Amino acid sequence: MENKDKIKIAVTISCLAVVSILLANKFRKQRKRKQNIGSCYLKSEAKPQHNFKRVLANNSYSPFKHLKLDDDSSPDLHPYESEIKALLEKPELEFEFCNGTMDMDMSDTYVWIDNESKLKELAQVLSKEKVFAVDTEQHSLRSFLGFTALIQISTREEDYLVDTIAVHDSMGILCPVFANPNICKVFHGADNDVIWLQRDFHIYVVNLFDTAKACDVLSKPQRSLAYLLETYCGVTTNKLYQREDWRQRPLPIDMIEYARMDAHYLLYIAECLVSELKLQKNGMSCSKDNSASENSANLDDKFYFVFEANRRSNALSLQLFTKEQEASPGQYAASSIISRHLNDHGASNINSQFQDVVRCLCCWRDLMARMHDESLKYVLSDNAIVALAEKVPLTTTDICTTISQGDIETESLNSNSTPRFPSSVVLSHLDDFTYLLQDGLKLNNPDDILQLFLKKHIGPHGSCPLSLYNYGLLSKSSMKVSKRLVSKNGYKFSKQVARKASRELFVQKFSCKSPVYHNCRIYANDGRLLCYCDRRKLEWYLQRDLAKVIEEEPPAIMLLFEPKGRPEDEGNDFYIQSKKNICVGCGEGNHYLRYRIIPSCYRIHFPEHLKSHRSHDIVLVCVDCHEKAHSAAEKYKKKVASEFSIPLFVQKVVDSNEESHDESGTSFMKLADGGVSPLELRTAAMALLRHGPRMPAQRCEELKEVVKKYYGGREISEEDLENALLVGMSPHEKRRLHKKKGLSLNRNSLSCKKDEGKNDLEDVDPNPNGSVFATCSSKLSLLGHGPHGKQVVDFLLKEHGEDGVREFCQRWRQVFVEAIHPRFLPGGWDVTHSGRREFGDYSVYNPANKASSSSYPAAVEG
Ligand code: AMP
Ligand code: ZN
Ligand code: MN
C-alpha cells in the first residue's frame, strides 16, 4: 500500500473516530435530557427562601398560626389586642418625631444589617428611641405567599436596611420593639406591611402612626408617598422600583437609594402632618367617620384630628394576616376566568369541557404553586389556562406553544416585553399536562386531582423536593381543613370521597407500603449524623420548627436544638447504618409494617435511659410475619400476666365522688366491692347513648345495670352516660375523643413535647380478664394493657433493678425470634443487645449462660 493510501486510511479512521465520539456524546446528552424530563427544576435551582429555617406561613391549606402570648388566648385574636385597644382609647397626642431636625439631603452612610449580632445591636438602638420609621419591600413572583425581602428602618440619626433574607430566622429579635406601645412606629400606607410582618416574623406593630391615614384625615389631594416626598421634602422618587426583584444581592445602588428614601423622610413628613393636624379646626375638613366622635367628644379641639389620624392608624394595626381559604384549590381563580370568558365570548361559545379544563388546571396550578413555592402567576398565567382550555392540545410541543401564545397575549396587554416561555414548573412537569388534558378530565373532583399530584410530586416517591413550605401539604391537619370546607360548602364532593382521600393520604404517608426506612437522615446542629429514620419522624420535627431541611433527596434534616442524647453507643454504627426496606423475617420487600418487639405497655414505663428510643427494638416485618409475631407476643403477655400474677386488664372501677382517690374520681375496687370493668362500662354507655331509644327495653335495662354498678347503684342521667365514656381514659385518649367529636378543646395543650409524635397507646382488647388493680397514674389509660405493664415494670425494678428490665427485654426479643425466625435482621442486631451495660450474672441471657436458654439463630447480616 502506498503511503498516500495509508494516510487516507488513517485520516478516514480518525475522522470516523471523531464523528463517533461526537455522536456518542450527542446521544449521551440527549439521553440525559430525556431523563431530566419529569425531574423537578427545584433540584437544581436554589431560591433564597430555601435557606430559611423557620417558616411561619407555609403553603399548606391549613390556617396561619398567630403568635400566642399565653396558652388560653384565642388563636383568632390579635396577640396585642388589649395594648392596641388601650391606644385607641387613650392615644398619644404629643409626638417627638424629629423636632425639626432633618437630614434633608440623605447622607451617604447607612447601616446594612445582615447578621444576628448587627440585628441585636439594632434592636438595642431602637429600644431607646421614642419613634422610628419603617417600610418593607416584598418579593412575590417566585413565592406562593410572598416574603419580605428588605425592611428599611430610619431613626432621626440613621438609616438601617435589614436584609431580611439574611437574617430571616433571627427577626424575632425585633418583635419587642415593634410591640412596645411606648415606641411609635411611623409607616406610610401600612395596610400591607403590618400583615406581612406578622406573616413572616410574628412581628406585631403596636403604636402605629400611618402618614397615609394622616393624609386622609387632612383630605390631602393625594395620599401617595411620592406626593408627600415632593411636597414636604422636595425629592422625587420613581415608584417603578416597587416592582423590582428585591431578592437581589447585592442590591444595586439605585435600589438601595430608593429603599432608604422610603423610610428616611417619614419622621419629618409625620411631623409636618401632625402640626397640620393640630392646626385643623374641628368639624372642618375631616372626612367623616362617625365611630370616632364618641371617643373624641371630650377631647380638646386642637387634638381632634391628631386623635383621629392616630385612631385610624392603630385600627389598621389590629388587622390579622390570614391565608385565603377556598372550598377547593383554585376555585376562585377558575370562577373568575370562566366568568371573564363568558363576558368576552358569550354563553353560547363556552362549553362544559372548557369549564372542566379551566377548573382542572386552576386546581393543578394552585397545588403546584404551593408545592414549589411559586406565585400562581409564575406557574401558569390565566391566559395560558384559557388558551389550553380552548385548544386542549395533547402533545408536549403543542402544549408548550399554546402556553407561550397565551403568555404572549398576557404580556402584550401589559407591556411590550419579550414572550415568556412556559415556566420552569410547567417545563419540568409537562407530563402532568398530557395526563390532565386527557384522562385527568375524568377527575373533575378537585380533591382527586389534589391527592393524585400530591402523591406524584411530594409523596414518598415524589418527583419534587420536600421543603419547609410544602411538607405541610402532606399533613393530616391540612387535610382536615379541606374536609371541613368540603362538607360546609358541599362543593361537588361527598364526605365519603373526602374520607377516602384522607385515608389515602394517611396510607401514603404512614403505611409501610412505602419504604419505612426512607433513609432520611437527622443531623445534629453541629453537623454530626445522628440517625437514619423515616419521613414521618422527619416531618414531625419540621412541623414543630425544630429542624430544617438540609438535603432533599434522600431527605436530611438538621435539628435546630441540641438533642438531649447523642447515640448512646458511641462508635456503634448500628443506628446510622442505612437499613433495608424489607421484612426482617422473610425478606419480603413489597409491604411491611413497623413492629415493636417490646410491647409498648411495658416499654413506656421503662426508666428513660432504658427505653429504646432508636431502632433496635423496632423492626420491619411483612403483614404475615407481623401477625405471627403479634400473636406470639399477645400469648406471651398472658404468660407474663400469670407468672407475675398481674392481670392484663383492670377489672373493676367504681365512681367515688365522696372519697375521691384520684383526680378523676374513679377508684379501683376489690372484686367483692362491686364496680365494673372499665371496658364493659364504656361499651354499655356508648351503646346506650348511640342506640338507647331504638333498643329492646330489656337490653337497655341490662346495659343500664352495668353503668349503675359504676355509679354505686344510683339512677343515672344522660350526663352520667357521657361521663362514663371517659372513665379510664388517659388524657391523651380524652383529647382524641374530643377531637373526634369536633370539640378541639385543648388546642393549646398540644404543646411541643418531644414524645408526642409517638403513639404508645395500647389497642383495647375486648376480652378483659384482669382482676384487682389498686394504684395507677391518672395519665394512664385503664382501657388497655397500660396498668398491667406498669405493675410488671414496677415489680421488675423493685425486685431486680434495671437488670431485671434488661432481661425482660431480652425475653421479648427471644419471643420475637422464636415466632418468626428472622433471617434478615440488620447486622449488629442481637437478642442480648443491652445498650452500654452487660447483663447480670444471673441472667439466662448472659452469653455465659446461653446454653441454658432455648436456642435462637444468630443475627444474620441484613
Ligand atoms: P412600598 O409600600 O412602595 O414600599 O411597596 C412595598 C412592596 O409592595 C414592594 O416591594 C412591592 O413588592 C409591593 N408593591 C407595591 N406597589 C406595587 C405595584 N404597583 N406593583 C407590584 N408590587 C407592588
Ligand atoms: Zn417539581
Ligand atoms: Mn418601599
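A helix, in these legends, is a DSSP run of H or I that is at least four residues long, and helices are numbered from the N terminus. Asp 720 is found in one of them, helix H27, which covers residues 718-726. Please keep in mind as you look around that this is a predicted model.

Figure 1. Asp 720 belongs to helix H27. Its relative accessibility is 10%, so Asp 720 counts as buried. Which side chain does the side chain of Asp 720 make a polar contact with? The partner is the side chain of Arg 714, at 2.9 Å.

**Figure 2. The shell of residues around ligand 1.** Let us start with the protein side of this view: the shell is made up of Asp 135, Thr 136, Glu 137, Gln 138, Trp 196, Lys 239, Gln 242, Arg 243, Trp 246, Tyr 258 and Asp 262. Sorted by class, five of the shell residues are charged, three are polar and three are nonpolar. Strand S2 (131-139) and helix H8 (253-264) each contribute at least two residues to the shell. The largest share, four residues, is supplied by S2.

**Figure 3. Oxygen atoms of ligand 1 and their polar neighbours.** A polar side-chain atom of Gln 242 lies 2.6 Å from an oxygen atom of ligand 1. For Gln 138, a polar backbone atom is 2.9 Å from an oxygen atom of the ligand. Asp 262 takes part through its side chain, where an N or O atom is 3.3 Å from a ligand oxygen. How much of the area that ligand 1 exposes when taken alone does the protein bury? Alone, the ligand exposes 490 Å², and the protein buries 69% of that.

**Figure 4. Tyr 304 and Phe 305, an edge-to-face pair.** Searching the whole structure turns up 18 aromatic pairs. One of them joins Tyr 304 and Phe 305, with ring centres 5.1 Å apart and planes at 85 degrees, an edge-to-face arrangement. Are these two residues buried or exposed? Tyr 304 counts as buried because its relative accessibility is 9%, under the 20% cut-off. Phe 305 has a relative accessibility of 0%, so Phe 305 counts as buried too.

**Figure 5. Tyr 636 and Trp 812, a ring pair between two helices.** The ring centres of Tyr 636 and Trp 812 are 5.0 Å apart and the ring planes meet at 80 degrees, so this pair is edge-to-face. Tyr 636 sits in helix H24 (residues 623-644) and Trp 812 in helix H29 (residues 786-820), which means that the pair ties together parts 176 residues apart in sequence. Tyr 636 is buried at a relative accessible area of 14%, and Trp 812 is buried at 1% relative accessibility.

**Figure 6. Arg 142 over the ring of Tyr 378.** What lies over the face of Tyr 378? Arg 142 does, at 4.0 Å from the ring centre.

**Figure 7. Helix H22 and the residue that follows.** Helix H22 takes in residues 535-543, and its buried residues are Arg 535, Leu 538, Glu 539, Trp 540, Tyr 541 and Leu 542. Just after H22 comes Asp 545, whose phi is positive, at about 60 degrees.

**Figure 8. Lys 278 of helix H9 and Val 306.** Lys 278 is part of helix H9, residues 266-279. Its relative accessible area is 23%, so Lys 278 is classed as partly exposed. Along the sequence Lys 278 and Val 306 are 28 residues apart, while in space their C-alpha atoms are 6.3 Å apart.

Figure 9. The peptide bond from Arg 249 to Pro 250 is cis, and its omega is near -10 degrees. Pro 250 lies in the loop between helix H7 (225-233) and H8. Asn 207, in the loop between helix H5 (191-201) and strand S6 (208-210), has a positive phi near 75 degrees without being a glycine. Ser 645 is not a glycine either, and its phi is positive at about 55 degrees. This serine, Ser 645, is found in the loop between H24 and strand S13 (653-655). Asn 207 is buried at 2% relative accessibility, whereas Ser 645 is exposed at 63%.

Conventions. Residues are numbered from 1 along each chain as its sequence is written. Chains are lettered from A and ligands numbered from 1 in the order in which they are written. This is a predicted model: local features need pLDDT of at least 70, side-chain atom pairs count only at pLDDT 80 or more; totals for chains, interfaces and linings use all residues. Side-chain values use heavy atoms; hydrogens and water are left out. A residue is near a molecule or strand if one of its heavy atoms lies within 4 Å of it. A polar contact is a pair of N or O atoms within 3.5 Å; within protein, one must be able to donate a hydrogen and the other to accept it, and residues adjacent in sequence count only if both atoms are side-chain atoms. Accessible areas come from the Shrake-Rupley method with a 1.4 Å probe; for residues, only the protein chains shown count as cover. Ala, Val, Leu, Ile, Met, Phe, Trp, Tyr, Cys and Pro count as nonpolar, Asp, Glu, Lys and Arg as charged, and the others, Gly among them, as polar. Rings of Phe, Tyr and Trp (its six-membered ring) pair if their centres lie within 6.5 Å; planes under 30 degrees apart count as stacked, over 60 as edge-to-face and the rest as tilted. Buried means under 20% relative accessible area, exposed over 50%, partly exposed in between (1.4 Å probe, protein chains only). A charge sits over a ring if NZ of Lys or CZ of Arg is within 6 Å of the ring centre and within 35 degrees of the ring normal.
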